[in-house]
Amino acid sequence: MKLRKTVTLVDEIHTEGGETVSPAARTAVVAAVIDNPWAGQGFVRDLSPAIDETAPRLGALLAPLVVKALGRPVEAYGKAAVVGLDGEVEHGSGLIHTLKFGDHFREAASATTLLPALEKVAPAGTVFDIPLKHITDATVRSHHQSVEVRIPDAPRAGEIVIALAAAGQGRPQARLAPLATEQ
């Protein structure tokens, strides 16, 4: 894996809807910008050798960094892969949709649910939203949210951005009724 850089973003919301949020709603994102391991090879039928080599390393790198950046217990989480224009969406999907990647974050966050994901092909500087869901119960509505990310110089054409996002709470001022009230 050739890592060009990591990017860490932390967002804290102190006021929402004119009301104080206490403690502040905190969200963290850590992204790795790597060379696309399939760049320049044309169509690669079997992606598994590079997935097996790269995905576990990315998970091991990013999971502790995003938990540390959040600085509090993780309650919601998500992941993303943005592939540069010389790649395929399957290149990013292959790296993030494997337990060899995701289990690092599940373990670090004491989570049991599947990680919600975004994956797409896009040019450098594109804005992407990482969906977040509760770490143990995907039906908890208050934790359905997203975090917006933009890395001005990534992904370059032959790169992939792999990102993890974590929130220490649900949406600020969440007040929707539980899903069970509609059944």
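1. Helix α2 is mostly covered, with six of its eight residues buried. The buried ones are H91, G92, S93, G94, L95 and I96. They pack against quite a list of elements: strands β2, β3, β4 (117-121) and β7, plus helices α1 and α3. Bear in mind as you read on that this is a predicted model.

2. Next along is α3, which spans residues 99-109 and buries F101, G102, F105, R106 and A109. Looking down the axis of α3, these buried residues sit within an arc of 125°, so they line one face of the helix. The general rule behind that sort of pattern is that an α-helix has 3.6 residues a turn, so residues three or four places apart point the same way. On the other side of α3, L99 and E107 are exposed. And what covers the buried face? The cover includes helices α1 (48-70) and α2 (89-96), along with strands β3 (76-83) and β7 (159-167).

3. S110 follows the helix and has a positive phi, about 55°, although it is not a glycine. S110 belongs to the loop between α3 and β4. Its relative accessibility is 58%, and S110 therefore counts as exposed, the cut-off being over 50%.

4. There is another non-glycine with a positive phi: Q173, at about 65°. You'll find Q173 in the segment after β7. Q173 is partly exposed, with a relative accessible area of 27%.

5. Two cis peptide bonds deserve a look. One joins S22 and P23, with omega about -5°, and P23 lies in strand β2. Another joins A154 and P155, with omega about 0°; here the proline, P155, is in the loop between β6 and β7.

6. Staying with β2 (residues 19-35), A32 is part of that strand. A32 has 0% relative accessibility and so counts as buried. Which residues does A32 touch, leaving aside those up to four places away in sequence? The contacts are L3, K5 and T6, then L58, L61 and L62, and finally I160, V161 and I162. By contrast, A32 and I130 are 98 residues apart along the chain, and their C-alpha atoms are separated by 14 Å.

7. In helix α1, I'd pick out T54. T54 is buried, with a relative accessible area of 3%. Beyond its sequence neighbours up to four places away, T54 touches M1, I34, P37 and L95.

8. I135 is in the loop between β5 (127-134) and β6 (145-150), and with a relative accessible area of 8% I135 is buried. Not counting residues up to four places away in sequence, I135 touches V74, E75, A76 and Y77, and also A109, S110, A111, T112 and T113. I135 and G42, which are 93 residues apart in sequence, have C-alpha atoms 37 Å apart.

9. Stepping back to the overall fold: there are three helices and seven strands. In sequence order they run β-β-α-β-α-α-β-β-β-β. Among contacts between residues at least 6 apart in sequence, 76% join residues at least 24 apart.

10. On overall dimensions, a compact globule of 183 residues would have a radius of gyration near 16 Å, and the protein's 17 Å agrees with that. The C-alpha trace spans about 50 × 35 × 30 Å along its principal axes. Of the 183 residues, 45% count as buried.

11. Last, the surface and the charges. The accessible surface comes to about 8900 Å², and 52% of it belongs to carbon and sulfur atoms. There are 18 positive and 21 negative charges, and their mean positions are 3 Å apart.

Key. Residues are numbered from 1 along each chain as its sequence is written. This is a predicted model: local features need pLDDT of at least 70, side-chain atom pairs count only at pLDDT 80 or more; totals for chains, interfaces and linings use all residues. Side-chain values use heavy atoms; hydrogens and water are left out. Helices (H or I, at least four residues) and strands (E, at least two) are DSSP runs, numbered from the N terminus. The radius of gyration is taken over C-alpha atoms; the globule rule is 2.2 Å times the number of residues to the power 0.38. Buried means under 20% relative accessible area, exposed over 50%, partly exposed in between (1.4 Å probe, protein chains only). Contact means heavy atoms within 4.5 Å. Accessible areas come from the Shrake-Rupley method with a 1.4 Å probe; for residues, only the protein chains shown count as cover. Lys and Arg count as positive and Asp and Glu as negative; His and the chain ends are not counted. The place of a charge is taken as NZ of Lys, CZ of Arg, CG of Asp or CD of Glu. The arc is that of the directions from the helix axis to the C-beta atoms.
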